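Here is a note for a colleague who is meeting this structure for the first time. Please look at the model first, then take the points in order.

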Amino acid sequence: MDYFLYSVDLPFSQKKIFYREINSREQFLLAKFASLHPYGKENDIDFFIALNKIILNCVENKKDLLELNIVEYILFLLKIRILSFDNFLELELNPNSEKEMKEKISIDLNTFMKKFYEASSKLMENNIIEYNGIYVNLSWPDTKIAISFLENENIDISTTFVEYIKYLKTKEKTIVLNNFTKEEKNKIYENLPSKLQVLIFDKIVKSIENLFTENLFSIKSLNWLNFNFYNNIYLYFIKLLFSSDIKGLYQQYYVFASKNINLFFIDNMTTADRKVFMSLIEKELDNKEDLMNNLNSTSEGMTPLESLVDEFGG
Amino acid sequence: MNLEDSWVIICMSDKILNFTEALLELENVSKEKFTLNVWIPSQKKEFKIKEINIKQQKSLLESFLGSLNYKSTFSKVFFEIIKENWLEDSEILNELTIVDKAMLAFYNRYNLSNEFEINLEDGKLNVNLLDIVNKLKEYNHPKSKKISHTNNGITVEVETCVPIFKQQAEIEDYIFNNIQTDDEENLIKEITSNSFVCDFASYIKEIKIDHDSFGYNSLTIQEKIRLVENLPAALVKQVFDEIFVIKSSIEDICTVKDGNLSKFIEINGALFM
């Protein structure tokens with residue numbers, strides 16, 4: 001039975017998500033998927049879908065998770081990544097020329113999360129547009145919808161703006177756009193006055209621009225890595241977040257198995273559990289090594305008789 | 001309580017609309033709230049119309065893309081939109097002139113935003129749409145004028161007028177539905193010559209020969225073209241002079257100047273980009 005002991009309050013939807021850490025088997029599956037599938041839009045989307053299946057497994061209130069918008073979903077991914085692994089993403093950047101050295105960088109995911117939240121909050125601040133008695137509530141698009149933006153190479157961004165509308169409200173009547181199909185949403189959107197579209201357009205473009213121009217990584221060499229939902233850079237980043245050293249994982253499985261630790265138990269270990277077990281095994285090895293060294297050092301310089309006296313007392 | 005809180009609370013007591021109800025609600029709200037009072041120069045008073053919606057704006061932009069292929073359908077599309085949005089006596093629609101069309105186009109565009117920039121070879125020109133709207137409000141709409149010509153004892157009388165918006169839309173439709181050629185070079189020639197004759201015919205309200213009316217307005221476009229093609233050259237010249245006066249007065253209003261830069265703002269789909 002899984003226990004979802006951790007919780008996180010999401011800032012825009014006010015939803016509280018109960019979750020647990022990603023376990024060894026899940027980390028192993030993700031690492032394997034990432035290492036078998038090279039980077040590229042199609043593969044990044046496939047990875048994202050696989051990741052969703054695994055993440056869903058780690059959450060108690062699955063329905064709430066599925067209803068999160070893309071920004072909140074990424075915030076949640078960061079949270080579970082930090083809890084399950086650690087808050088640093090270590091990367092090695094290839095040099096631009098032969099003269100340069102490889103650059104090792106470390107992204108602090110807590111800082112990234114804070115900056116990402118602040119940059120994406122721009123849309124959610126004053127997110128209600130009022131025009132002649134009609135109110136439009138804007139929000140970041142749903143995760144599934146945001147991923148669909150990547151399906152079309154030459155997407156006209158303005159055609160996606162309907163997906164940023166959460167509610168339309170007239171006097172005592174509310175139109176919840178998520179209740180409708182894509183075609184129905186478009187039909188509703190098309191019936192809005194163009195002036196209102198100008199206001200919606202302006203707000204969304206500014207928000208996307210804000211997210212796009214912000215250096216979320218706080219690292220100069222990553223200035224080029226612009227974060228928006230119209231290219232797969234963010235999926236690439238998420239893939240990096242959950243890619244692990246698969247060889248290291250295989251080694252750990254091998255070591256634990258050799259210590260007769262039950263495979264089911266290993267599968268359910270968290271990264272923290274594995275660290276503890278590994279440290280115990282290392283300590284055990286160190287102790288053995290020390291004992292051997294002690295034996296060797298005490299034996300050195302003694303005659304066989306002196307050694308026997310030393311061992312059995314005399 | 002901030003706006004977000006009040007929004008959520010109100011939503012809880014609200015009626016959540018299904019798709020059909022939602023469309024109906026938007027239609028009702030459009031008639032009530034999303035309206036404009038536009039000054040119609042030919043009628044010398046304001047009329048209430050619905051604002052253009054996103055779907056209509058999209059079709060206006062599509063008409064502009066068609067015009068890049070020499071197949072402008074702007075007048076037809078725009079007339080249909082005005083017809084759909086008109087909230088007053090529909091009979092007036094048949095009397096709207098191209099000056100009214102200009103006013104309706106500029107006012108609708110101004111309602112979206114007063115910012116309108118045109119790229120010229122020598123630089124950018126910022127257009128103040130409100131200036132154009134105000135000039136159109138003050139515009140003295142030309143009245144019909146009779147021009148006659150007598151030759152060999154036969155008098156031909158032509159009554160000129162500002163073209164009717166609806167007829168212009170029909171003419172545009174006629175031109176592009178009767179293209180005979182596929183060849184691009186010939187296509188331009190054909191459209192240009194047809195447009196020229198059709199444009200001329202649209203400035204005519206009535207033709208009389210020795211006081212006998214042809215019932216010009218009830219003729220088909222084809223019949224009108226055949227008729228004007230047979231008018232005496234001297235009369236055509238006089239009619240052209242009058243057309244020139246009307247056109248110049250409209251062009252004056254739609255031309256913006258900024259220092260040395262000057263540009264006539266065409267009324268087409270690009271206005272709504």
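1. **Basis.** This is a predicted model: local features need pLDDT of at least 70, side-chain atom pairs count only at pLDDT 80 or more, and totals for chains, interfaces and linings use all residues. Residues are numbered from 1 along each chain as its sequence is written, while chains are lettered from A and ligands numbered from 1 in the order in which they are written.

2. **Chain B in outline.** Chain B has ten helices and eleven strands. Helices (H or I, at least four residues) and strands (E, at least two) are DSSP runs, numbered from the N terminus. The C-alpha atoms of chain B fill a box of roughly 85 × 45 × 45 Å along the principal axes. Chain B has 273 residues, and 29% of them count as buried. A residue is buried if 20 or more other C-beta atoms lie within 10 Å of its own, exposed if 12 or fewer, and partly exposed in between; the C-beta atoms are placed from the backbone. Among contacts in chain B with a separation of 6 or more, 66% join residues 24 or more positions apart. Two residues are in contact if their C-beta atoms, placed from the backbone, lie within 7 Å.

3. **The interface.** How many residues of chain B are in contact with chain A? The count is 25, and they meet 25 residues of chain A. On the chain B side, α1 (3-13), β1 (15-16), α2 (19-32), α3 (54-67) and α5 (98-112) each supply at least two residues. α2(B) gives the most, with seven residues. By class, this side of chain B has 14 nonpolar, five polar and six charged residues. Here Ala, Val, Leu, Ile, Met, Phe, Trp, Tyr, Cys and Pro count as nonpolar, Asp, Glu, Lys and Arg as charged, and the others, Gly among them, as polar.

4. Look for an open sheet of five strands, in the order β5(A)-β6(A)-β7(A)-β8(A)-β1(B), with mixed pairing. β5 (128-131) of chain A and β1 of chain B stand at the edges; each has a single partner strand, so one side of each is left without a neighbour in the sheet. Two strands pair if DSSP finds at least two bridges between them. β8 (residues 173-176) of chain A and β1(B) pair in the parallel sense over two bridges. There, A:Thr174 stands opposite B:Ile16. A:Tyr131 stands opposite A:Ile134 in β6(A).

5. **B:Lys15.** This residue lies in β1 of chain B. Buried or exposed? B:Lys15 is exposed, because it has 10 other C-beta atoms within 10 Å. B:Lys15 touches A:Glu172 and A:Lys173, not counting residues up to four places away in sequence.

6. **Domains of chain A.** The assignment gives domain 1 (6-93 + 103-241) and domain 2 (246-312). Such bounds come from an automatic or database domain assignment. The domain centres, taken over C-alpha atoms, are 46 Å apart. Eleven residues of domain 1 are in contact with nine residues of domain 2. Helix α1 (residues 24-36) of chain A supplies the largest share of the domain 1 side, seven residues.

7. **Nonpolar cores.** A nonpolar core is a set of buried Ala, Val, Leu, Ile, Met, Phe, Trp, Tyr and Cys residues joined through C-beta atoms within 7 Å. The largest has 61 residues; A:Leu51, A:Ile70, A:Ile74 and A:Ile238 touch the most other members. Helix α4 (residues 70-84) of chain A gives the most to this core, with eight residues. Apart from it lies another core of 46 residues, among them B:Phe74 and B:Phe272.

8. **Positive phi.** Most residues other than glycine have a negative phi, and most peptide bonds are trans. A:Asn126 has a phi near 45 degrees. A:Asn126 sits in the loop between α5 (109-124) and β5 of chain A. A:Asn126 is exposed, with 12 other C-beta atoms within 10 Å. B:Asp210 has a phi near 50 degrees. Its place is the loop between β8 (204-209) and β9 (212-213) of chain B.
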